[in-house]
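Subject: Structure handover and findings

Dear colleague,

Please find below the structure that I am handing over to you. My notes on it follow, with the cut-offs given where each term comes up.

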Amino acid sequence: MDENMVTAIPAERIPRHVAIILDGNGRYAKSKGLTRPQGHKAGADNVETISDACIELGIPYLTVYAFSTENWKRSEEEVSYLMGLMRWYLKNYMATALRKGIRMRVIGDRSKLDPEMVREIEKDERETAHLTNLNLTFAINYGSRDEITRAVRAIAEEVKEGKTLPSEIDEKLINAHLDTSVLPDPDLLIRTSGEERLSNFLLWQLAYSEFYFTEKYWPEFTPEDLKEAVLNYASRERRFGGRK
């Protein structure tokens with residue numbers, strides 16, 4: 001791809017927030033004669049590569065779907081490996097994040113996570129809170145229906161306690177109770193591996209996002225592929241339900 005084509009895109013046409021469903025690690029491993037754990041490790045490594053590409057392109061927010069509430073249904077062996085990999089990644093990526101100016105966040109229900117992982121998440125979020133080159137958010141034990149249910153439950157408690165009136169419940173209030181309350185809604189959703197569904201990811205937040213699907217497995221998704229997605233996004237006319 002011609003680099004000039006990307007650099008020529010006006011800043012307002014660069015997506016502010018890109019969300020990615022990291023799909024295809026297992027199929028990538030199978031296609032390469034690797035084990036599933038090796039496929040997941042390759043996928044984890046690619047998060048760093050694409051994070052660097054986001055900084056290069058001037059994309060300030062990146063959210064990646066790392067582990068869903070439904071992923072607990074996988075084999076105990078695979079779940080154990082994935083949790084160990086994420087713990088390792090969160091701990092070891094800190095030095096890289098500090099060096100590159102990357103703020104780290106995690107969304108999702110932490111109540112089911114290992115206490116050691118929760119402590120690492122809290123440490124990463126605290127120690128990178130001042131960084132601004134990229135806001136990198138990991139969705140871990142995240143499911144959009146679960147997120148919305150937790151938000152509704154919290155609002156119901158506020159109504160019960162007299163802190164909020166039912167008439168005060170609006171989109172702004174609901175959004176404030178979501179895990180992503182401090183993030184802008186994604187402009188662009190990318191899903192790899194040829195699948196074309198949301199899989200319970202950011203259902204509220206993706207209401208007016210642009211979607212981009214690619215046949216490539218996540219470990220094969222390159223900075224060039226990201227640039228291709230950004231070019232595709234920049235060519236679209238976003239009307240948000242209105243007319244121009």
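Which residues does Arg236 touch, not counting residues up to four places away in sequence? They are Arg13, Glu210, Phe211 and Tyr212, where contact means heavy atoms within 4.5 Å.

Before going further, please note that this is a predicted model, in which local features need pLDDT of at least 70 and side-chain atom pairs count only at pLDDT 80 or more, while totals for chains, interfaces and linings use all residues. Residues are numbered from 1 along each chain as its sequence is written, and side-chain values use heavy atoms, with hydrogens and water left out.

To return to Arg236, this residue lies in the segment after α8 (223–234); helices (H or I, at least four residues) and strands (E, at least two) are DSSP runs, numbered from the N terminus. Arg236 counts as partly exposed because its relative accessibility is 23%, given that buried means under 20% relative accessible area, exposed over 50%, and partly exposed in between (1.4 Å probe, protein chains only). Its C-alpha atom is separated by 45 Å from that of Lys160, which is 76 residues apart from Arg236 along the chain.

The sheet

The model contains an open sheet of six strands in the order β3-β4-β2-β1-β5-β6, with parallel pairing, two strands being counted as paired if DSSP finds at least two bridges between them. At its edges are β3 (102–107) and β6 (210–213), each of which pairs on one side only. From one strand to the next the twist averages 20°.

Strand β2 (residues 61–68) pairs with strand β4 (residues 134–142) in the parallel sense over seven bridges, and Leu62 stands opposite Leu136 in β4. The pairing of β1 with β5 is parallel over four bridges, with Val18 opposite Leu188 in β5. The pair β5 and β6 is likewise parallel over four bridges, and there Ile190 stands opposite Tyr212 in β6.

Helix α3 (residues 36–57) lies across β1 (17–21), β2, β3 and β4 and runs at about 145° to β4, whereas helix α4 (residues 76–100) lies across β2, β3 and β4 and runs at about 155° to β3; the axes are lines fitted to C-alpha atoms, for helices over the stretch in contact, and angles run from 0 to 180 degrees between N-to-C directions.

The cores

A nonpolar core is here a set of buried Ala, Val, Leu, Ile, Met, Phe, Trp, Tyr and Cys residues joined through side-chain atoms within 4.5 Å. The largest has 46 residues, of which Ile20, Phe138, Ile140, Ile190 and Leu226 touch the most other members, and its largest share, nine residues, comes from α4. Apart from it lies another core, of 10 residues, among them Ala19, Tyr65, Tyr142 and Leu206.

In strand β1, Ile21 counts as buried because its relative accessibility is 4%. Leaving out residues up to four places away in sequence, the contacts of Ile21 include Tyr65, Leu189, Ile190 and Phe201.

Grid points are joined across faces, edges and corners, and a volume is the space filled by probe spheres set on the points.

The largest pocket has a volume of about 630 Å³, and of the 30 residues that line it, the closest to its centre are Leu22, Asn25, Tyr65, Ala66 and Asn71. There is one cavity of 30 Å³ or more; the largest cavity holds about 50 Å³ of space, and its lining includes His17, Thr63, Asp185 and Leu202.

Leu202 lies in the loop between β5 and β6 and has a phi near 50°, a positive value in a residue other than glycine. Leu202 counts as buried because its relative accessible area is 2%.

Best regards

Notes
On a 1 Å grid over the protein atoms alone, a cavity is a set of points where a 1.4 Å probe fits but cannot get out, and a pocket is an open set with protein on both sides within 12 Å along at least five of seven lines; lining residues have an atom within 4 Å of a point.
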